[in-house]
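Dear colleague,

I am handing over the structure below, together with its sequence. Could you please look through it alongside the notes that come after it?

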Amino acid sequence: MNRHIAIDIGSESGRAIVGYLKDEKLYSEEIHRFRTQFMQVRNRGMRNFYRYHEEILHSLSVYREKYGPKLSSIGVDAWGMDFVILDRGGNVLKMPAFYREATRTSDVNDIIEKKFGIRRLYERNGNQALPSDTLNQLIRLKRDDDPCLDNPHGLLFVSDLFHYFLGAMPCNEYSLASYGRLYNVLTQEWDAEVFNAFGFPMTLCKPVVHAGDTIGTVDPAILAGAGLEGEVPIITPCGHDTASAAMAIPDTGDDWAFISSGTWSLMGFETPGPIINELAIEYNLSNDGLAMGVNLFKKNITGTWLIQQCKDVWGKYSYDQLTDLAEAAKDEDLFIDVNADDFYMPKNMPEAIARAVARDFGCEVDPSDAGRIARIIFQSMALKYRYYLDILLRAADKTISKMYITGGGSRNRVINQFTANAIGNPVYTGVYEGTSVGNLLLQAYGSGEIKDKQELRQIVKNSFPQNEFLPADKAKWDEKYAIFMEKAARPNEW
């Protein structure tokens with residue numbers, strides 16, 4: 001039996017999940033979970049990737065104790081945008097800072113416009129500008145004369161780095177490369193004109209690989225330390241966690257959209273190729289590479305980040321308790337724009353929400369009223385989903401009949417129901433670890449156990465029973481949306 005390990009590195013936690021195929025179903029089990037939140041170094045939030053690597057090595061030991069010495073493959077996915085830079089000896093020059101502490105997008109927009117042109121850039125990479133996307137981070141490093149760009153010999157995105165630590169060749173997986181605003185989605189190669197315009201050396205570029213490719217084998221010393229035997233291929237999934245999650249949709253048709261619900265809510269759908277038109281440019285929509293030659297057309301929307309930050313401030317509620325409190329709270333037409341700058345990195349999230357409601361609605365909200373604040377967040381998320389779903393569908397000239405929500409946030413029944421009410425389509429959940437499921441199945445695809453995307457999606461459908469949330473109270477939610485658009489919605493930089 002072929003067993004694979006999916007390592008999923010998220011903003012709040014990482015996990016190791018073992019999976020195998022049997023009777024056209026995927027069977028999986030989480031064997032290790034660990035915290036991944038940033039640490040403080042000289043008054044800056046930093047990511048300690050070396051500790052995450054230790055957790056991955058521990059996962060291999062846990063696997064050996066439970067399943068024995070044979071492992072068929074391993075693959076890592078993680079968030080996009082962040083990266084490390086290698087020196088000529090293959091050493092990591094510096095760990096990335098926590099991206100939410102970075103300066104806002106506008107601090108480099110003038111540089112982009114002057115050196116290349118913001119519109120011209122989008123027409124080549126078709127990608128959403130975000131405050132700390134890869135291009136913006138590199139521009140800041142160059143502007144600030146950071147020595148890591150003096151003589152670089154490779155840029156590795158987060159999942160690329162962990163593959164490299166395990167023993168893979170230094171390379172860039174396609175879904176990540178296409179996400180960083182440095183890759184030309186029309187020519188399907190690193191964009192030398194962009195690199196030259198901003199003074200980035202082309203030595204940053206590594207070979208681009210695709211989901212399902214074998215990019216090396218695990219270092220024999222690592223295997224020996226874990227008690228594993230033989231060669232263990234490193235098979236890359238979609239290195240960008242959203243792209244792996246998008247593969248785990250339990251549907252073989254194309255009349256759906258999906259939300260990968262976590263700290264960010266990534267909403268979109270598959271298209272045959274990049275969509276670059278006036279609506280896409282105006283609303284800063286995103287075209288990212290997916291597996292098997294498909295494009296992912298989507299928008300980043302602030303997700304459970306808001307309730308995570310509130311939970312940390314309140315300090316006494318579980319997520320389930322907050323869901324119950326929100327459900328029991330009075331139904332009020334009080335909303336926030338979850339993508340507004342007010343909520344990107346406030347010192348106190350409940351207070352930031354209370355200030356926004358007071359400003360826009362003239363209503364005082366107690367920041368310690370967890371149920372009321374949580375309901376405001378959940379309704380506002382659903383209304384922002386409606387806003388961007390309409391724009392995505394118009395830009396792609398597409399219609400849908402259903403929405404799938406995957407990821408940890410899909411366990412929140414209140415958000416799921418509010419989303420169905422807001423968008424007017426049924427919502428389906430059940431693939432709670434969608435990113436890891438996509439990761440495992442892409443490893444199986446790379447191993448020859450799955451022949452194509454249709455078979456992969458059928459396996460997801462066979463493996464995960466779906467929960468259905470039907471839309472209700474259409475008139476009431478249409479009115480909520482009108483109020484949201486009039487009083488709370490904000491134009492966004494990103």
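This is a predicted model: local features need pLDDT of at least 70, side-chain atom pairs count only at pLDDT 80 or more; totals for chains, interfaces and linings use all residues.

Residues are numbered from 1 along each chain as its sequence is written, and side-chain values use heavy atoms, with hydrogens and water left out.

I begin with the sheet. Helices (H or I, at least four residues) and strands (E, at least two) are DSSP runs numbered from the N terminus, and two strands are taken to pair if DSSP finds at least two bridges between them. Seven strands form an open sheet with mixed pairing, in the order β17-β18-β16-β15-β19-β20-β21. At its edges stand β17 and β21 (467-469), each with a single partner strand, so that one side of each is left without a neighbour in the sheet. On average, neighbouring strands of this sheet are turned by 30 degrees against each other, direction ignored, where axes are lines fitted to C-alpha atoms (for helices over the stretch in contact) and angles run from 0 to 180 degrees between N-to-C directions.

Within this sheet, strand β15 (residues 256-261) pairs with strand β19 (residues 402-406) in the parallel sense over five bridges; A257 stands opposite M403 in β19, and I259 stands opposite I405 in β19. With β16, in contrast, β15 pairs in the antiparallel sense over four bridges, S261 standing opposite S265 in β16, and the two strands form a hairpin with two residues between them. Buried here means under 20% relative accessible area, exposed over 50%, and partly exposed in between (1.4 Å probe, protein chains only). Six of the six residues of β15 are buried, so this strand is largely enclosed by the rest of the structure. In a regular strand the side chains alternate between the two faces of the sheet. In β15 both faces are covered, with W256, F258 and S260 buried on one side and A257, I259 and S261 buried on the other.

Turning to charged pairs, a salt bridge is a side-chain nitrogen of Lys or Arg within 4 Å of a carboxyl oxygen of Asp or Glu, and by this rule the count comes to 38. One of them joins the side chains of D107 and R140 (3.1 Å, N to O); D107 lies in helix α2 (residues 106-115) and R140 in helix α4 (residues 134-143), so the pair ties together parts that are 33 residues apart in sequence. D107 is partly exposed, at a relative accessible area of 23%, while R140 is buried at 8%.

Another salt bridge links E270 and K453 (2.9 Å, N to O). Since E270 belongs to strand β16 (residues 264-271) and K453 to helix α17 (residues 453-463), the pair ties together parts that are 183 residues apart in sequence. A further salt bridge, between D288 and K298 (3.0 Å, N to O), has both of its residues buried.

Lastly, H32 is found in strand β3 (residues 25-35) and counts as buried, at 14% relative accessibility. Its side chain makes a polar contact with the side chain of E55 (2.7 Å), the term denoting a pair of N or O atoms within 3.5 Å, of which, within protein, one must be able to donate a hydrogen and the other to accept it, residues adjacent in sequence counting only if both atoms are side-chain atoms.

With best regards
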